[in-house]
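Please view the sequence and the structure before reading on.

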Amino acid sequence: MVHRREVNGQILVLGNHGALWGNAMTWWDHSTGSIWSQPLGEAIAGPLKGERLDLLPVTFTTWDAWRTAHPHTLALDAPAGDSGFDFRDMAIVVELGTEAAAYRVPDLQRVGVANDVVAGLEIAVAVHPRDPQQWTVFSRRLENGVVELAVTDGELVDLGTGTVWEPTRGLGLDGPLAGQVLGTLPAFTAFPGDFDTFWPDGRVWQP
């Protein structure tokens, strides 16, 4: 997940607090010493308690796939071992307004796309048709209506018009809606067992 680190006009410098809260990472900011919950992006202790950082849209993908699409990207080269996390054990969480929903990765990999509504906004949680390790969350609402997406013959397709969409940027490639763009929405991965800890009123999507 990626947060904007500006609060009330102040740019924060965040560090790893070294402790877990709700089985998830916490940060501290160097200016005030406030402690922040990573999943919530919210200060849970200190002078800024209750403040929240804006969550930014991201795309989850592999480095090889990203480098192919964006060959001039610069990245931090730091020594690290293999991650102990298995993507198939995760859920993708969408939090909009006061509502949150979780989408289990195995369910998404099986059906390809979850067409849903969160906080009144029509969304699609889409796994890349040709790479089950990639996902993106889109708004399905366009100026001229709402699309319903599905994976058909290895392509991300709007069932109503047959438009084919690029599955990471949401660009209409071919069909009546070619050239239009589906908005990318903030979302992130979490362990399904931890979802209720942070979003007790949230729901888990069922295919």
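Arginine 88 is exposed, its relative accessible area being 52%. The model is a predicted one, in which local features need pLDDT of at least 70 and side-chain atom pairs count only at pLDDT 80 or more, while totals for chains, interfaces and linings use all residues. Residues are numbered from 1 along each chain as its sequence is written, and side-chain values use heavy atoms, with hydrogens and water left out.

**Terms**

- A salt bridge is a side-chain nitrogen of Lys or Arg within 4 Å of a carboxyl oxygen of Asp or Glu; by this rule there are nine salt bridges.
- Buried means under 20% relative accessible area, exposed means over 50%, and partly exposed lies in between (1.4 Å probe, protein chains only).
- Helices (H or I, at least four residues) and strands (E, at least two) are DSSP runs, numbered from the N terminus.

**Aspartate 86 and arginine 88**

- These two residues form a salt bridge whose closest N and O atoms are 2.8 Å apart.
- Aspartate 86 is partly exposed, at 28% relative accessible area.

**A pair within helix 2**

- Arginine 110 forms a salt bridge with aspartate 107, with 3.2 Å between the closest N and O atoms.
- Both residues lie in helix 2 (residues 105–111), three residues apart, or about one turn of the helix.
- Arginine 110 is exposed at 57% relative accessibility, whereas aspartate 107 is buried at 12%.

**A pair between strands**

- Arginine 141 and glutamate 122 meet through their side chains in a salt bridge (2.9 Å, N to O).
- Arginine 141 belongs to strand 14 (residues 141–142) and glutamate 122 to strand 12 (residues 121–127), so the pair ties together parts 19 residues apart in sequence.
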